Amino acid sequence: MDNDKVYTTSLRLYKKRPVHAQAYRCLKNYNTDIFKTKDDFLAEAVIHFSRYLKQEEDAKQMRLINENLERQDKHLIEMVKSAIYQVQKSESEQGNLWCG
């Protein structure tokens with residue numbers, strides 16, 4: 001084969017490792033109606049899993065951002081309540097001075 005047109009790699013699956021044995025069975029029984037070759041099957045599987053992991057990481061990041069925003073919201077609400085209380089207290093005290 002022409003090395004300019006082909007990437008090569010090797011794959012070892014160990015019989016005593018359950019995940020490897022399962023992967024081997026998947027490779028032996030891949031759907032030939034969908035994938036013409038094991039190469040196509042493996043390439044699609046690697047890409048699919050890589051995208052899945054990225055989606056999982058993105059979802060995790062989004063959860064962390066949302067949690068941070070919720071904490072900030074609570075803090076901001078408390079600050080606004082405190083500011084309103086201070087204004088009301090100040091107005092009340094000023095009102096008492098004018099009435100007195």
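## Close-up views of a predicted model

**View A. The largest pocket.** The largest pocket has a volume of about 470 Å³. It is lined by 13 residues, and those closest to its centre are Leu11, Leu27, Leu42, Ala45 and Val46. Two elements, H1 and H2, each give two or more residues to this lining. H2 provides the largest share, with 6 residues. The model shown here and in the views below is predicted.

View B. Helix H1 covers residues 18–28. His20, Ala21 and Leu27 are buried in this helix. These three lie on the same side of H1, because they cover an arc of only 120° around the axis. Pro18 and Val19 are on the other side of H1, and both are exposed.

**View C. Salt bridge between aspartate 58 and lysine 54.** The model has 2 salt bridges. In this one, the closest N and O atoms of aspartate 58 and lysine 54 are 3.1 Å apart. Both residues belong to helix H2, which spans residues 38–99. They are 4 residues apart, so about one helical turn separates them. Lysine 54 has a relative accessible area of 51%, and it therefore counts as exposed, since the cut-off for that class is over 50%. Aspartate 58 is at 39%, so it counts as partly exposed.

**View D. Salt bridge between lysine 81 and glutamate 78.** Here too the two partners lie in helix H2. Lysine 81 and glutamate 78 are 3 residues apart, about one turn of the helix. Their closest N and O atoms are 3.9 Å apart, and the pair counts as a salt bridge because the limit is 4 Å. Glutamate 78 has a relative accessibility of 48%, so it is classed as partly exposed.

**View E. A nonpolar patch on the surface.** Phe49, Tyr52 and Leu53 make up this patch. Together they have about 310 Å² of accessible area. Leucine 53 is found in helix H2. Its relative accessible area is 44%, so leucine 53 is partly exposed. That value qualifies leucine 53 for a patch, because patch residues need over 30%.

Conventions
Residues numbered from 1 in each chain as written. Predicted model: local features only at pLDDT ≥ 70, side-chain atom pairs only at ≥ 80, totals over all residues. Heavy atoms only, no water. Buried < 20%, exposed > 50% of the residue type's maximum accessible area, 1.4 Å probe, protein only. Arc of directions from axis to C-beta. Salt bridge = Lys/Arg side-chain N within 4 Å of Asp/Glu carboxyl O. Patch = residues over 30% accessible without salt bridge, like charges linked within 9 Å, V, L, I, M, F, W, Y side chains within 5 Å. Areas by Shrake-Rupley, 256 points an atom, 1.4 Å probe, with all protein chains shown as cover. 1 Å grid on protein atoms, 1.4 Å probe; cavity = no way out; pocket = protein on both sides within 12 Å on 5 of 7 lines; lining within 4 Å. Points joined across faces, edges and corners; volume = space filled by probe spheres on them.
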